[in-house]
Amino acid sequence: MTIVLYNAPQSTCSQRVRFVLHAKGQAFEEHKLNLLEGDQLKPEYLRLNPNGVVPTIVHDGVSVTDSSVIIEYLDEAFPNIAPLRPKGLTDLARMRSMMRFIDEMPAAAIRVPTFNIAFLPRFQRMSEAEFLAFADSKPLRKEFMLAMGQTGFPKKDMDEAVGRLERTVERMDQWLAASGGPWLMGSELTLADISLMPSLIRLEDLNLDSLWKGSPAISRWLAMLKMQAAFKATYYHGSLLTDQFPHLAELKRQRGGG
Ligand SMILES: N[C@@H](CCC(=O)N[C@@H](CS)C(=O)NCC(=O)O)C(=O)O
């Protein structure tokens with residue numbers, strides 16, 4: 001039984017999958033794709049994942065795509081090791097509703113500040129023709145790239161994304177209050193926590209963690225997550241933007257964020 005993971009160190013969707021594989025103690029062969037160089041758009045990868053995005057796993061020769069689908073798949077494939085889903089049907093539905101919200105809100109919104117703050121300089125070094133060809137080759141993200149352009153998303157888009165992230169933090173606070181914590185659904189860590197984890201870590205990485213300064217429950221949740229063995233294995237060096245982009249690490253240092 002073999003698991004091959006195609007992913008990128010800093011990719012938030014990939015981090016969900018790495019966490020679940022480590023939590024379940026599954027050995028896997030890791031392929032690191034360079035997303036800024038377009039590895040995800042090469043024909044051999046598109047044969048595994050026609051959307052041209054990471055992550056993808058290949059389990060016993062069959063590929064499974066989309067991080068939310070993959071983490072549920074892994075929990076179903078290895079149900080007796082560190083189960084990550086509630087047993088009852090209604091709780092399962094509640095967890096899936098949380099995961100849909102997380103995919104729709106923070107997982108999408110976080111891309112706007114990520115691209116503007118971290119990746120834009122890379123695209124600004126391309127000629128206009130190179131940039132347009134790169135955008136055009138993306139099956140899923142062509143319009144996103146064109147909206148950003150080589151000048152970055154305008155303030156209106158950044159404000160909108162931060163607004164969505166603020167509303168996510170409010171919702172998270174409500175979930176933790178309703179469940180009594182420490183996890184989103186109560187005493188057990190579930191796939192909902194793992195789905196949300198990379199967005200909060202990214203916000204911290206971008207020095208935007210002031211969004212939850214008024215919520216001790218969220219700070220507690222994050223601190224507990226960081227104590228998990230799977231967390232440390234997931235976030236190896238290179239997984240944070242501040243590991244990869246010196247200009248961001250410097251910005252964070254100047255703002256007193258580390
Ligand atoms: N819904 C997909 C989204 C995957 C996705 O957007 N992946 C990003 C990295 S987090 C990617 O591969 N981007 C490559 C690109 O924009 O070309 C999932 O959860 O797997």
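Modeller: Let me begin with a definition: two strands pair if DSSP finds at least two bridges between them. Helices (H or I, at least four residues) and strands (E, at least two) are DSSP runs, numbered from the N terminus. This is a predicted model, in which local features need pLDDT of at least 70, side-chain atom pairs count only at pLDDT 80 or more, and totals for chains, interfaces and linings use all residues. Residues are numbered from 1 along each chain as its sequence is written.

Biologist: What is the order of the strands in the sheet?

Modeller: The order is S2-S1-S3-S4, in an open sheet of four strands with mixed pairing.

Biologist: Which strands stand at the edges?

Modeller: Strand S2 (29-32) and S4 do; each has a single partner strand, so one side of each lacks a neighbour in the sheet. On average, neighbouring strands of this sheet are turned by 20° against each other, direction ignored. For such values, axes are lines fitted to C-alpha atoms, for helices over the stretch in contact, and angles run from 0 to 180 degrees between N-to-C directions.

Biologist: In what sense do S1 and S3 pair?

Modeller: Strand S1 (residues 3-7) and strand S3 (residues 56-59) are antiparallel and share four bridges. Val4 stands opposite Val58 in S3.

Biologist: And how many bridges join S3 to S4?

Modeller: Four bridges join S3 to strand S4 (residues 62-65), and the two run antiparallel. Ile57 is opposite Val64 in S4, and His59 is opposite Val62 in S4. The hairpin of S3 and S4 has two residues between the strands, and Asp60 takes a positive phi near 50° there.

Biologist: Which strands does H1 lie across?

Modeller: H1 lies across S1 and S3 and runs at about 155° to S1. H3 also packs on the sheet, where it touches S3 and S4, and its direction makes about 125° with that of S4. Two residues are in contact if their C-beta atoms, placed from the backbone, lie within 7 Å.

Biologist: Changing topic, what does the domain assignment give?

Modeller: It gives domain 1 (3-77) and domain 2 (89-254); such bounds come from an automatic or database domain assignment. The C-alpha centres of domain 1 and domain 2 lie 18 Å apart.

Biologist: How many residues of domain 1 are in contact with domain 2?

Modeller: There are 21 residues of domain 1 in contact with 28 residues of domain 2. On the side of domain 1 that touches domain 2, helix H1 (12-23) and helix H3 (67-77) are the elements that give two or more residues. H1 gives the most to that side, with eight residues. By class, that side of domain 1 has nine nonpolar, eight polar and four charged residues. Here Ala, Val, Leu, Ile, Met, Phe, Trp, Tyr, Cys and Pro count as nonpolar, Asp, Glu, Lys and Arg as charged, and the others, Gly among them, as polar.

Biologist: Which residues come nearest to the ligand?

Modeller: Of the 14 residues around the ligand, Ser11, Cys13, Val53, Ser67 and Arg141 come nearest; a residue is near a molecule or strand if its C-beta atom, placed from the backbone, lies within 6 Å of it. H1 and H3 each supply at least two residues of the shell around the ligand. The shell divides into five nonpolar, six polar and three charged residues.
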